[in-house]
Amino acid sequence: MGRDVQEDRGRAIPETRREAVSTELKNQQRLAARTDAADDRKEPWIMNMFCYQCEQTGKGTGCTAHGVCGKDSETAALQDLAVHVAEGVSQYAHRARKLGVIHRPADLAVVEALFTTVTNVNFDPKRVADVIRHAASVRDEIKQAYESACEKAGQTPEPLAEHAAIRPADDLDEMIRQGEQVTVQRRIDSLGDDVAGLQELITYGLKGMAAYADHARVLGVEDDGVYAFIHEAMDFLAGNPGEVNALVAMVLRVGEVNLKVMEMLDAGNTGTYGHPEPTEVRVTPVAGKAICVSGHDLKDLKMLLEQTEGKGVNVYTHGEMLPCLAYPELKKHKHLVGNYGGAWQDQRQEFDAFPGPILMTTNCIQKPKDSYKDRIFTTGLVAWPCVTHIAADASGHKNFMPVIEAALAAPGFERDEEAKTITIGFARNTVMSVADKVIEAVKAGKIRHFFLIGGCDGAKSGRNYYTQLAQQVPDDCVILTLACGKYRFNKLPFGDIGGIPRLLDCGQCNDAYSAIQIAVALANAFECGVNDLPLSLVLSWYEQKAVCILLTLLHLGIKNMRLGPTLPAFVGPNVLNVLVEQFNLMPIKTPEEDLAAILG
Ligand code: SF4
Ligand code: SF4
């Protein structure tokens, strides 16, 4: 195992080189050597890596030599180049669309490049290089299509910036050097924190949107207007905009279009697998062979469940896959026996202890330990060097036999652990079906306030705030939750209010649409705006999907949100002022202070 079963279009990276990138010390040595080489060539030299797109960024300001997430400087440079080349694709695709030319490969190449660069998705330089080469070749196709359309329309093609012309080098080292020329650090140096940060905020929002659009696409739900907007926004960024008002307007448009994308994903999930329903879920193992599925992808889980049917292998969800256990078409498979472990950042300990293979769908992978490196598999866009990857065939089918064989060869759980369960499945359909009861309880004063304590979990300290807050929420208040941050409190006893559970788990971060719909339904029932409801949003963020959801909430005009555990490093001081003035967005304080402020 440990080999790559997907077609390998990229140049092989010697094993020794992969080893060399594994420590920051060696990374620094190479940085010094490259600096010397640049000096010899009398070229200007820049910091070889700068990334501040997620909450755990180094020192709260930026990862500069090696990502806290495990991303090495080479992969970081290639990811920057992937976004840069994708902007070039969009420059042509945006203009071609105005002339009636829609080129689906261009739509998909940009979505793929953006999703690939989301935190904890793709750590394999060879695969990122493949994404870049593919995007550049699609760009050449759409360029030709655009120029032909211009000719037909009697127009002169617009001259475009260098994004649209950059030619990825064949040599991987040379391609990495190309990436180092387009890092965000260069933009910060030339544009300042606020403008560069706003450009990045748009890019990160688009990355999150691309992830959701991709999840929806695999379930057969697409919208041409969404692709058109992604190209428009990427073209906007390629023009290196510096006007703050225009940037802020685009930020809010990203949020607006993302609402549509989340609705599409909701339609894909519920249309394919039914509406989640309240379900008691086992969170302790049962005896038997086992496979653990992490990430977000419902279709991957469904295919695995079908292929494991009757094979004597139990399947467990992990991390953000937990809500899958509430979908009728997934939970009907009796060998989907429960959830194993918690949020993504605990995976290295949890996978180490899991007695079978692990399948990573979409994002959330961390550097695998040697103890399970030969029994972890990736699929979709997620990748780690030397980890076996299961690719889809042309029809979208995936053959998970390597995972099943690994499960049959592994010991599995020896015995049943003591049964423990939690209840999940309170997505919009379920909550709305008891809306009358909820409204009555509010009017009768039995429910005083709703808290939405949702968002990401993460490794950095300060996140126990969310556990403490949930514990301290008074007994006459209901907590709505979603996404992986809930693992900090979802096994605690909260009880109920007149039969309405005090903790309502709405699902994945991908299900934010459900939470928004619940809030809108409550506002309609009380004939007020969402901001006037007895509802407070206390959010935790980690990566770009969460950024995108935050932009959607801002687009909807939701005010008084609390955000933690720290504010994004890419939001400059003046932009933060705008967010505070227009939306009263505030950082979390202590649970006691925030509860006192919220409940008055
Ligand atoms: S994704 Fe986050 S942790 Fe990884 S390099 Fe970027 S800022 Fe650092
Ligand atoms: S909740 Fe946040 S950290 Fe968790 S998977 Fe979703 S976006 Fe990532």
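User: Ala, Val, Leu, Ile, Met, Phe, Trp, Tyr, Cys and Pro count as nonpolar, Asp, Glu, Lys and Arg as charged, and the others, Gly among them, as polar. How do the residues of the shell around ligand 1 divide?

Analyst: This is a predicted model, in which local features need pLDDT of at least 70 and side-chain atom pairs pLDDT 80 or more, while totals for chains, interfaces and linings use all residues. Residues are numbered from 1 along each chain, chains are lettered from A and ligands numbered from 1, in the order written. Ligand 1 is surrounded by 13 residues (C-beta atom, placed from the backbone, within 6 Å), with Cys51, Cys54, Cys63, Gly67 and Cys69 the closest. The shell comprises six nonpolar, six polar and one charged.

User: How many residues in the shell around ligand 2 are charged?

Analyst: Residues surrounding ligand 2 include Trp344, Cys364, Glu320, Glu543 and Lys545. The shell has eight nonpolar residues and no polar ones. The charged residues number three.

User: Which residue of strand 14 stands opposite glycine 455?

Analyst: Strand 9 pairs (at least two DSSP bridges) with strand 14, residues 535–540. The two run parallel over six bridges. Opposite glycine 455 stands serine 540.

User: Which residue of strand 10 stands opposite histidine 449?

Analyst: Strand 10 spans residues 477–481 and runs parallel to strand 9, with four bridges joining them. Opposite histidine 449 stands cysteine 477.
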